[in-house]
Amino acid sequence: MKTIIEPFRVKMIEPIRFTTEDERVALLRAAHYNLFGLASSDVIIDLLTDSGTSAMSAEQWSAMMRGDESYAGSSSYFRFLAAVRNLMPFRHIIPTHQGRAAEAILFSIVGGPGKVIPNNTHFDTTRGNIEATGATALDLMIPEASDPQNEYPFKGNMDLAKLEELLRQSSGSVPLVMLTITNNAGGGQPVSLANIKGARAICQKYKKPLFIDSCRFAENAYFIKEGEAGYSDKSVSAIVREIFSLADGMTMSAKKDAFANIGGWLALNDDGMAAAARNRLILTEGFPTYGGLAGRDLEAIAVGLKEIVEEDYLAYRIATTRYISSGLEAKGIPVVKPAGGHAVFVDAGAMLSHVPPLAYPGQAFAVWLYRLGGIRTCEIGTVMFGRQPDGTEIPATLDLVRLAMPRRVYTQSQADYIIECAGEVARRKREIRGLRIISEPPQLRHFTSQFEPL
Ligand code: F0G
């Protein structure tokens with residue numbers, strides 16, 4: 001059969017409360033046009049993030065009942081450890097309450113003024129944690145990544161020539177190299193194994209550790225299996241193991257490709273760095289065998305890691321984003337191509353070309369998609385990246401809106417509804433003006449900024 005169906009059936013439901021457009025106009029005003037300010041009960045389809053929003057399986061829920069809540073050396077920790085090591089064979093695996101806690105610990109050790117940390121593209125919390133130590137976060141994307149219409153299958157790749165140039169000129173200021181798979185901020189695009197191997201070779205030449213920001217490692221591995229020469233016969237698990245055999249460490253948010261609602265870890269091989277990380281962990285997260293998590297959360301992650309590499313699941317997952325992406329395109333909505341793993345990115349800057357970048361076309365699109373359909377999404381553009389450390393504001397390269405798909409949550413008729421609502425926004429685009437910011441915090445402003453329509 002050609003139809004790719006959801007490889008699960010629904011056992012428990014969460015009712016959705018429907019709202020009217022009039023209600024949503026008032027709710028938007030009350031939230032100061034920042035969708036993070038909405039109550040989830042006022043949202044019909046929530047595509048704000050794929051993080052922590054997965055539906056857990058019956059196996060995960062049953063494992064949670066077994067959670068061992070001992071302070072030290074719980075059996076849940078050892079099950080977590082075995083599940084991580086099965087895919088990512090690092091010497092030290094340090095649980096944290098989520099991905100950014102792993103980042104904060106890592107950069108508290110290697111960051112600091114004068115340091116430069118390159119990545120294909122840093123996610124906002126990674127950048128925030130680096131900059132909070134006084135270090136510089138540098139993005140080294142390949143040129144193809146800035147062209148939303150370019151169909152290159154590995155648009156998440158790092159520009160290795162730029163990496164080598166950086167290390168040749170200022171090796172002393174670079175404590176480590178990061179690579180984000182898939183490249184979330186760059187459109188959810190995968191990184192090829194050839195690129196990871198290339199980054200590894202450069203890191204070895206300059207004696208720098210390579211760390212992988214691994215949130216969506218299984219989706220990335222599936223793209224490699226599908227699109228990189230020589231991998232079609234390998235299992236996703238084998239590809240995952242190959243990826244991590246090339247790295248010296250990883251940060252992970254278990255809220256993505258581990259099907260957990262909370263959790264993360266920092267893993268690495270270097271004993272000295274691991275000891276420093278554990279000392280920091282005890283101060284900020286907890287004892288090294290639970291690291292800010294309950295034993296039951298460690299259990300959910302351990303089972304989630306087995307389920308996430310199932311290929312029927314990944315086939316359905318990638319088919320869903322492709323389905324929505326092509327549905328939007330058929331409505332004349334420009335999207336970043338090819339479709340990403342966890343999300344579809346609408347090119348709102350191109351769609352609303354009459355809205356200038358500093359009037360935030362991405363935010364305007366997101367606000368209208370909520371107004372017309374009750375769908376909550378997230379701007380990834382000038383609101384998120386425009387404010388510079390020196391206080392100036394520069395338009396982002398692209399003004400995108402991310403439709404992030406929670407894992408195993410929405411059905412195909414809900415996908416059809418998303419496509420229909422976005423089509424309505426496109427039909428009424430001439431009515432859409434931009435917004436201006438009336439208040440913003442010093443960092444990560446997209447979460448709490450307040451807006452006013454122009
Ligand atoms: N790195 C990447 C690539 C991410 O996408 C995220 C989170 C993190 C690190 C931090 O992990 O949330 O567990 O602290 N991304 C979420 C998102 C929030 O919506 O894309 P965390």
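Hi everyone, let me start at Phe 8, which is partly exposed with a relative accessible area of 29%. On this scale, buried means under 20% relative accessible area, exposed means over 50%, and partly exposed lies in between, with a 1.4 Å probe and protein chains only.

A quick word on the source: this is a predicted model, where local features need pLDDT of at least 70, side-chain atom pairs count only at pLDDT 80 or more, and totals for chains, interfaces and linings use all residues. Residues are numbered from 1 along each chain as its sequence is written, and side-chain values use heavy atoms, with hydrogens and water left out.

Back to the rings. The structure holds 12 aromatic pairs; rings of Phe, Tyr and Trp (its six-membered ring) pair if their centres lie within 6.5 Å, with planes under 30 degrees apart called stacked, over 60 edge-to-face, and the rest tilted. Phe 8 and Tyr 316 make an edge-to-face pair, 5.5 Å centre to centre with 85 degrees between the planes. This pair links distant parts of the chain, 308 residues apart: Phe 8 belongs to the segment before helix 1 (21-30), and Tyr 316 to helix 12 (residues 311-330). Helices here are DSSP runs of H or I, at least four residues, numbered from the N terminus. Tyr 316 is buried, at 7% relative accessible area.

Now, what is the geometry of the rings of Tyr 71 and Tyr 290? Their centres are 5.1 Å apart and their planes are at 70 degrees, so the pair is edge-to-face. Tyr 71 counts as exposed, with 53% relative accessibility.

Phe 8 and Tyr 316 also join Phe 259 and Tyr 313 in a cluster linked by ring pairs.

Let's finish at the ligand. Which residues come nearest to the ligand? Of the 17 around it, they are Thr 49, Arg 100, Ser 253, Lys 256 and Arg 402, where a residue is near if one of its heavy atoms lies within 4 Å. A polar side-chain atom of Thr 49 is 2.6 Å from a ligand oxygen atom, and for Asn 184 the corresponding distance is 2.8 Å. Taken alone, the ligand exposes 470 Å², and the protein buries 94% of that, by the Shrake-Rupley method with a 1.4 Å probe. Thanks, all!

Notes: A polar contact is a pair of N or O atoms within 3.5 Å; within protein, one must be able to donate a hydrogen and the other to accept it, and residues adjacent in sequence count only if both atoms are side-chain atoms. Helices (H or I, at least four residues) and strands (E, at least two) are DSSP runs, numbered from the N terminus.
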